[in-house]
Amino acid sequence: MSKEVLRAIAGIDTFPVISLVLFVTVFALAVLRAFCMDRQTVERMAALPLHEDGGPQGPSFIEGASRGA
């Protein structure tokens, strides 16, 4: 039944094309942004889950827990 309902909608065949183009565009922009980042930004972002202040020089959560802080 749902196949007949979807076939009756005018212009339904354009939605898969639009979604594919949108996905490829967003994916390409994300890859392009990742390759265009400078090294300092990549290192700072890589350290974000490990440090409280987001920088590589700050204390980590594990170090603070081991000192009883």
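Which pattern does the protein chain follow when read along the sequence? The pattern is α-α-α-α, and the chain has four helices and zero strands. Helices (H or I, at least four residues) and strands (E, at least two) are DSSP runs, numbered from the N terminus.

Colleagues, a word on the basis of these values. This is a predicted model, in which local features need pLDDT of at least 70, side-chain atom pairs count only at pLDDT 80 or more, and totals for chains, interfaces and linings use all residues. Residues are numbered from 1 along each chain as its sequence is written, and side-chain values use heavy atoms, with hydrogens and water left out.

I begin with confidence. The term pLDDT denotes the predictor's confidence in each residue, from 0 to 100. The protein chain averages 79, and 71% of the residues score at least 70. Among the elements, helix 2 (residues 14–36) has the highest mean pLDDT, 95, while helix 4 (residues 61–66) has the lowest, 51.

Next, the surface. Accessible areas come from the Shrake-Rupley method with a 1.4 Å probe; for residues, only the protein chains shown count as cover. The accessible surface of the protein chain comes to about 6200 Å², and carbon and sulfur atoms account for 69% of that. Buried means under 20% relative accessible area, exposed over 50%, and partly exposed in between (1.4 Å probe, protein chains only). By this criterion, 10% of the 69 residues are buried.

Let us turn to helix 2. From its first C-alpha to its last, this helix of 23 residues reaches 33 Å, close to the 33 Å expected at 1.5 Å a residue; the expected span is 1.5 Å times one less than the number of residues. The number of buried residues in helix 2 is zero, so it lies largely in the open.

A search of the whole structure finds one aromatic pair. Phe23 and Phe27 form this pair, which is stacked, at 6.1 Å centre to centre and 20° between the planes. For the criterion, rings of Phe, Tyr and Trp (its six-membered ring) pair if their centres lie within 6.5 Å; planes under 30 degrees apart count as stacked, over 60 as edge-to-face and the rest as tilted. Phe23 and Phe27 are four residues apart in helix 2, and therefore separated by about one helical turn. Both are exposed.

There is also a nonpolar patch on the surface, formed by Val5, Leu6, Ile9, Ile12, Phe15 and Ile18, with about 540 Å² of accessible area together. Patches are made of residues with over 30% relative accessible area and no salt bridge: like charges are joined within 9 Å, nonpolar side chains (Val, Leu, Ile, Met, Phe, Trp, Tyr) within 5 Å. Helix 1 (2–8) and helix 2 each supply at least two residues of the patch. Leu6 lies in helix 1 and is partly exposed, at 47% relative accessible area.

Finally, the structure holds one salt bridge, defined as a side-chain nitrogen of Lys or Arg within 4 Å of a carboxyl oxygen of Asp or Glu. Glu43 forms it with Arg39, the closest N and O atoms being 3.5 Å apart.
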